[in-house]
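Q: Could you walk me through how to read a fold like this one, step by step? I would like the general idea each time, and then the case at hand.

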Amino acid sequence: MPSSRYLARDAVRLVVEKLGMNHRESLSLLELGPGTGIFTEHILPNLKKGDHFDVVELNSYFYNILHRKFRFNGEVRLHHSDFLKFHPDRAYDFVISSLPYEQMPSRVTLKMWRHKLSLCKPGAHIIYYKYVNFNHFRSRFEKQLVREFCSDEKIVFLNMPPARLFTLTIDDPLRCMALFEQDAPVKNGVRVNGF
Ligand SMILES: C[S@@+](CC[C@H](N)C(=O)[O-])C[C@H]1O[C@@H](n2cnc3c(N)ncnc32)[C@H](O)[C@@H]1O
């Protein structure tokens with residue numbers, strides 16, 4: 001189900017605000033699981049020369065929609081890929097994610113989080129949402145991450161289904177990774193890191 005324009009507007013609010021600042025340095029943005037590209041559309045008009053915008057979509061149907069919509073736009077780089085196989089040579093100021101974590105095995109969700117954090121610059125913002133019918137957190141790690149690093153949280157009722165939107169501010173990505181290691185499964189009394 002595509003996100004509503006209300007969710008899109010709220011999800012990109014901080015991004016648009018930062019992109020609109022005068023005399024700023026160039027910014028790097030990563031969008032994950034854009035689907036039909038509604039967030040992408042809101043971000044694109046605000047980019048300036050020197051900004052970098054990567055968009056990663058796994059599904060061929062959605063990728064083709066994105067390609068049709070944005071193929072003449074030189075400012076967005078579309079990647080038809082699984083995010084876990086996407087290894088850019090840069091880190092990002094913003095990671096905007098629509099990845100459906102709740103539909104993935106928790107082992108995969110944790111891998112996604114680890115990969116996302118590894119791509120964050122110090123001070124980066126991660127923006128993501130979950131539908132309110134999935135109110136719980138999938139892992140201790142996600143719960144703790146939100147508790148410690150959430151700088152904004154909002155419920156967007158005008159979306160089907162309503163969504164809880166989180167903005168995390170990752171001042172120290174390495175410290176977040178350390179939280180992650182605490183959540184690694186224990187096998188035979190030994191913590192299995194790097195799973
Ligand atoms: C909830 S939908 C996105 C909704 C989007 N905001 C919209 O309005 O269309 C989740 C998207 O994540 C994509 N996705 C799922 N797993 C992915 C992965 N491993 N890598 C990249 N994209 C993925 C799906 O194909 C889908 O387009």
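**Reading the fold**

Q: Which strands does helix 5 lie across?
A: Helix 5 (residues 106-118) lies across strand 4 (92-97), strand 5 (120-131) and strand 7 (163-170), and runs at about 145 degrees to strand 5. Helices (H or I, at least four residues) and strands (E, at least two) are DSSP runs, numbered from the N terminus. Contact means that the C-beta atoms of two residues, placed from the backbone, lie within 7 Å. Angles run from 0 to 180 degrees between N-to-C directions, with axes fitted to C-alpha atoms, for helices over the stretch in contact.

Q: Before we go on, what kind of model is this, and how are residues numbered?
A: It is a predicted model, in which local features need pLDDT of at least 70 and side-chain atom pairs count only at pLDDT 80 or more, while totals for chains, interfaces and linings use all residues. Residues are numbered from 1 along each chain as its sequence is written.

Q: In what order do the strands of the sheet come?
A: Strands of a sheet pair through backbone hydrogen bonds, either parallel or antiparallel. Here an open sheet of 7 strands has the order 3-2-1-4-5-7-6, and the pairing is mixed. Strand 3 (76-80) and strand 6 (150-156) are the edge strands, each pairing on one side only. On average, neighbouring strands of this sheet are turned by 15 degrees against each other, direction ignored. Two strands pair if DSSP finds at least two bridges between them.

Q: How many bridges join strand 1 to strand 2, and do the two run parallel or antiparallel?
A: There are 5 bridges between strand 1 (residues 28-32) and strand 2, and the two run parallel.

Q: Why is strand 1 described as largely enclosed?
A: Count C-beta atoms, placed from the backbone: a residue is buried if 20 or more others lie within 10 Å of its own, exposed if 12 or fewer, and partly exposed in between. Strand 1 is largely enclosed by the rest of the structure because 4 of its 5 residues are buried.

Q: Which residues of helix 6 are buried?
A: F141, E142 and L145 are buried in helix 6. They cover an arc of only 95 degrees around the axis, so they sit on the same side of helix 6; the arc is that of the directions from the helix axis to the C-beta atoms. R140 and R147 are exposed on the other side of helix 6. As for its setting, helix 6 (residues 140-149) lies across strand 6 and strand 7, at about 70 degrees to strand 7.

Q: Is R107 buried or exposed?
A: R107, in helix 5, counts as exposed because it has 10 C-beta neighbours inside 10 Å. Its C-alpha atom is separated by 16 Å from that of L117, 10 residues apart along the chain.

Q: Which residues is H42 in contact with, leaving aside its neighbours within four places in sequence?
A: On that basis, H42 is in contact with A8, R9, V12 and V16. H42 belongs to helix 3 and is partly exposed, with 18 other C-beta atoms within 10 Å. H42 and A11 are 31 residues apart in sequence, and 9.6 Å apart in space, C-alpha to C-alpha.

Q: Which residues come nearest to the ligand?
A: Of the 18 residues around the ligand, S3, G33, G35, N59 and F83 come nearest. Helix 3 (38-43) and strand 2 (52-57) are the elements that give two or more residues to the shell.

How values were computed: A residue is near a molecule or strand if its C-beta atom, placed from the backbone, lies within 6 Å of it.
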